[in-house]
Amino acid sequence: MLTLVIGILIIVVVGAILFWVIDKFCPDARLAQLLKLLVVLVCLAAIVNRLLPLIGYPSLL
């Protein structure tokens, strides 16, 4: 259970770092919004993939 929480925390921290990088280096606002949406979706998919074995389904990867 502790490894699950640490894994999710790492995913959230990496997502936050990517948000900062997008804000810092992406001059176009629309592109920045699309990249942030992509980061959110990938982070959510990674979190769901870590939670699936906990509720009884096999992992997707």
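1. Start with helix H2: its 27 residues reach 39 Å from first C-alpha to last, close to the 39 Å expected at 1.5 Å a residue. That expected span is 1.5 Å times one less than the number of residues, and helices here are DSSP runs of H or I with at least four residues, numbered from the N terminus.

2. A quick word on what you're looking at: this is a predicted model, where local features need pLDDT of at least 70, side-chain atom pairs count only at pLDDT 80 or more, and totals for chains, interfaces and linings use all residues. Residues are numbered from 1 along each chain as its sequence is written, and side-chain values use heavy atoms, with hydrogens and water left out.

3. Now the inside. Ala32, Val39, Cys43, Ile47, Asn49 and Leu52 of H2 are buried (under 20% relative accessible area; exposed is over 50%, partly exposed in between; 1.4 Å probe, protein chains only). H1 is included in what covers them.

4. Ile11, Ile22, Cys26, Ala32, Val39, Cys43 and Ile47 make up the largest nonpolar core (buried Ala, Val, Leu, Ile, Met, Phe, Trp, Tyr and Cys joined through side-chain atoms within 4.5 Å). Helices H1 (2-25) and H2 (29-55) are the elements giving two or more residues to this core, and H2 gives the most, with four.

5. Take Val39 as an example: leaving aside neighbours within four places in sequence, Val39 is in contact (heavy atoms within 4.5 Å) with Gly15, Leu18, Phe19 and Ile22.

6. What happens just after H2? Gly56 takes a positive phi of about 110° there. Tyr57 also lies in the segment after H2, and counts as exposed because its relative accessibility is 54%.
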